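Here is a friendly walk through the model you have open. Keep the 3D view beside you and follow along.

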Amino acid sequence: MSEHETQQHPLGVYFWVWGWLFVLSVGSYLTDVISMHDYLRWTLITLFMLVKAGLIMAVFMHLVWERFSLTIVIIAPPAVLLVALAIFAIESRYTISSRIQHFLG
Amino acid sequence: MNESSATPRSMDSGLRGMVGDWSSDQRAFKSAGWDKSMMWLFLLSDIFIFGIFLLGYMAARTSAVEPWPDTSSVFAMHMFGREVPLLLIAIMTFILISSSGTMALAVKYGYEKNRRMTAILLISTALLGATFVGMQAFEWTKLILEGVRPWANPFGAEQFGATFFMITGFHGTHVTIGVIFLLIMTGKVLRGSLEYERPGFMTKRRSRYGMIEVMGLYWHFVDLVWVFIFAFFYLW
């Protein structure tokens, strides 16, 4: 029964992911070391971050081997944070403009 | 009951399987026991906590009138005769990734009922985690001696201090709790409590090797959060 289901996967998968996590971390660290700026830097940082997060969740946390009914519960709700992101971004843009106008202007 | 209902449609995979699982009038999460499902639910709530922290950080940073300090030089260390940017943070990142690797292997060897390897890997994970917390304490000390406070910051915007201590502090607390539970779990593995399914002292539930996987979920989550903190707070 599923109550006693185990997660057994070949050792190679874990080492492969482990290695990639190192490579990707070096990659994102390099954006700082060789002083990349602005959009190129932000794009690379975000890309490396998402791939690392994906690898950890998929393999280390076994989500690729779970049933979709569980995976969707974990993946879908955080998407709401993107809505909050948009609201916060608009709000803080207004805040900075009024601060500049009233405190510095 | 006829024969066709003995093999329910819910064991389909993908989207159809999801609809089947959720409408099956039984447990919705058929690939996970209650312990694993509840750990995932807890982690989901934790995702929102850290998500809101990072959003709050974004709002504070974009609305700060004073310039945001250059994290690259704030967290630089003097080594090899020059300033190496973000050196300590990079090392902490690699340590945490390594601990995630040893944790993943501990889960695997646990299911293979290899007591010795599981215990060695769990204790390695705990040691790497403790090293991480130690380096974080070192980093905090350095910043506090330089005058950074939750309400003040000599390098620029005051909000930097507030978000730094809150976000890394909350993450460090998670790592510390993880280390404590890893040590408890190592003890259980070494005593053979998992192998002989002895009841736990608090819940009286029978111990199983699946507990290591659930513990692992928490630990990988701590690593996962650090991936986002590393990107947004230190590198952005």
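B:Gly14 sits in helix H1 of chain B; helices (H or I, at least four residues) and strands (E, at least two) are DSSP runs, numbered from the N terminus. B:Gly14 counts as exposed because it has 9 C-beta neighbours inside 10 Å. For that term, a residue is buried if 20 or more other C-beta atoms lie within 10 Å of its own, exposed if 12 or fewer, and partly exposed in between, with C-beta atoms placed from the backbone. From B:Gly14 to B:Ser207 there are 193 residues in sequence and 31 Å in space, C-alpha to C-alpha.

A word on the source: this is a predicted model, in which local features need pLDDT of at least 70 and side-chain atom pairs count only at pLDDT 80 or more, while totals for chains, interfaces and linings use all residues. Residues are numbered from 1 along each chain as its sequence is written, and chains are lettered from A and ligands numbered from 1 in the order in which they are written.

**Where the chains meet**

How many residues does each chain bring to the contact? Chain B gives 47 residues and chain A gives 49 residues, where two residues are in contact if their C-beta atoms, placed from the backbone, lie within 7 Å. On the side of chain B that touches chain A, the elements giving two or more residues are helix H1 (14-22), helix H2 (34-62), helix H4 (87-111) and helix H7 (210-235). H4(B) supplies the largest share of that side, 11 residues. Sorted by class, the side of chain B that touches chain A has 29 nonpolar, 13 polar and five charged residues. Here Ala, Val, Leu, Ile, Met, Phe, Trp, Tyr, Cys and Pro count as nonpolar, Asp, Glu, Lys and Arg as charged, and the others, Gly among them, as polar.

From chain A, look at helix H2 (residues 38-60). Its buried residues are A:Ile45, A:Phe48, A:Met49, A:Lys52, A:Ile56, A:Val59 and A:Phe60. Their cover includes helix H1 (11-33) of chain A together with H4 and H7 of chain B.

Two packed helices are described by the angle between their axes and the distance between the axes. Axes are lines fitted to C-alpha atoms, for helices over the stretch in contact, and angles run from 0 to 180 degrees between N-to-C directions.

| Helix pair | Axes come within | Crossing angle |
|---|---|---|
| H5(B) and H6(B) | 9 Å | roughly 155 degrees |
| H4(B) and H7(B) | 9 Å | roughly 160 degrees |

H5(B) and H6(B) are therefore roughly antiparallel; angles under 35 degrees count as roughly parallel, over 145 as roughly antiparallel, 65 to 115 as roughly perpendicular and the rest as oblique. Their crossing is left-handed, a term used if the near helix is turned anticlockwise from the far one by less than a right angle, with right-handed used if clockwise. Among the residues that meet here are B:Ala126, B:Gly129 and B:Val133 in H5(B), and B:Gly172, B:Val179 and B:Leu182 in H6(B). The contact of H5(B) with H6(B) has 14 nonpolar, nine polar and one charged residues.

H4(B) and H7(B) are therefore roughly antiparallel to each other, and H4(B) passes H7(B) in a left-handed crossing. Residues meeting in this pair include B:Ile97, B:Met103 and B:Val107 in H4(B), and B:Trp219, B:His220 and B:Trp226 in H7(B). By class, the contact of H4(B) with H7(B) has 12 nonpolar, five polar and two charged residues.

**Along H6(B)**

B:Met166 belongs to helix H6 of chain B. B:Met166 counts as partly exposed because it has 14 C-beta neighbours inside 10 Å. B:Met166 lies 31 residues in sequence and 40 Å in space from B:Glu197, C-alpha to C-alpha. After H6(B) comes B:Gly192, with a positive phi near 85 degrees.

Most residues other than glycine have a negative phi. A:Ser35 has a positive phi near 45 degrees and lies in the loop between H1 and H2 of chain A. Is A:Ser35 buried or exposed? With 9 C-beta neighbours inside 10 Å, A:Ser35 counts as exposed.

B:Leu86 also has a positive phi, of about 55 degrees, and lies in the loop between strand S2 (82-84) and H4 of chain B. B:Leu86 counts as buried because it has 22 C-beta neighbours inside 10 Å. Just after H2(A), A:His62 takes a positive phi of about 65 degrees.

Technical notes
Expected span 1.5 Å × (residues − 1).
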